[in-house]
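Here is a friendly walk through one protein model. Please keep the sequence and the 3D view open beside you as you read.

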Amino acid sequence: MVQKAKILLVDDRPENLLALEAILSALDQTLVRASSGEEALKALLTDDFAVILLDVQMPGMDGFETAAHIKRRERTRDIPIIFLTAINHGPHHTFRGYAAGAVDYISKPFDPWVLRAKVSVFVDLYQKNTQLKEQAALLRLQLEAGGEPAIGGALLGELSARLAAVEEQAEALTKQLDAGPDGGAAATAAHLERKIAGLRGALDALRPGSP
């Protein structure tokens, strides 16, 4: 059974958190609330998240500052961040969101279906990535224990097939963002490319003769 992914919801207004939970409950994942940037950073110290939905306008540490802290940490720098904002100051404000490390920037009021679809893509990528890592670890243990070459080859083939599915989904997401008006495709593509390159490197390291 695929383990549920955790989604971090960060907003200082309880009614906004409740609305996000209502929209995302259909994904059947674990939703974690944070009412401030400081609370979000504490949650990120102990848990792994598939995606972060981060409100821009918050008292104290705002969304931009919170994102900067997240991107400075080795443990959390690759977690995708979707900024949510009730204000729109034009392209400069949007650019600041992407410069802070967001993979998407959505103005309120937003279409619930669109938000759910975007989050779903990152959840799927996270779960596939987790499965690949687990299977790669099992395969390495088998190879180190002198497992049958045929078994190792079969598992490598399965890993390659799973990774191909991730690559296909990542390509579809990048094309979707390329077609949008917000210009965030570059940030998203760079994030996905790092993830996929890391997985390809892990697979290559498992091939016979690798160090």
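The report below moves from the overall fold to the salt bridges.

This is a predicted model, in which local features need pLDDT of at least 70 and side-chain atom pairs count only at pLDDT 80 or more, while totals for chains, interfaces and linings use all residues. Residues are numbered from 1 along each chain as its sequence is written, and side-chain values use heavy atoms, with hydrogens and water left out.

**Overall fold**

The protein has 7 helices and 5 strands; these are DSSP runs numbered from the N terminus, with helices (H or I) of at least four residues and strands (E) of at least two. Along the sequence, their order is β-α-β-α-β-α-β-α-β-α-α-α. Of the 211 residues, 41% count as buried, where buried means under 20% relative accessible area, exposed means over 50%, and partly exposed lies in between (1.4 Å probe, protein chains only). The accessible surface comes to about 10900 Å², and carbon and sulfur atoms hold 57% of that area; the areas come from the Shrake-Rupley method with a 1.4 Å probe. Among contacts (heavy atoms within 4.5 Å) with a separation of 6 or more, 66% are between residues 24 or more positions apart.

**Salt bridges**

The structure holds 9 salt bridges, each a side-chain nitrogen of Lys or Arg within 4 Å of a carboxyl oxygen of Asp or Glu.

| aspartate 11 | lysine 108 | 3.3 Å |

Let us start with the pair of aspartate 11 and lysine 108. Aspartate 11 sits in the loop between strand S1 (6-10) and helix H1 (14-24), and lysine 108 in the loop between S5 and helix H5 (112-144), 97 residues apart. Is aspartate 11 buried or exposed? At 2% relative accessibility, aspartate 11 is buried, whereas lysine 108 is partly exposed at 23%.

Together, Asp11, Asp55 and Lys108 form a network of salt bridges.

Aspartate 48 is partly exposed at 45%, and arginine 75 is partly exposed at 45% relative accessibility.

**Serine 107**

Serine 107 belongs to strand S5 (residues 104-107) and is partly exposed at 30%. Its C-alpha is 5.8 Å from that of leucine 84, 23 residues apart in sequence.
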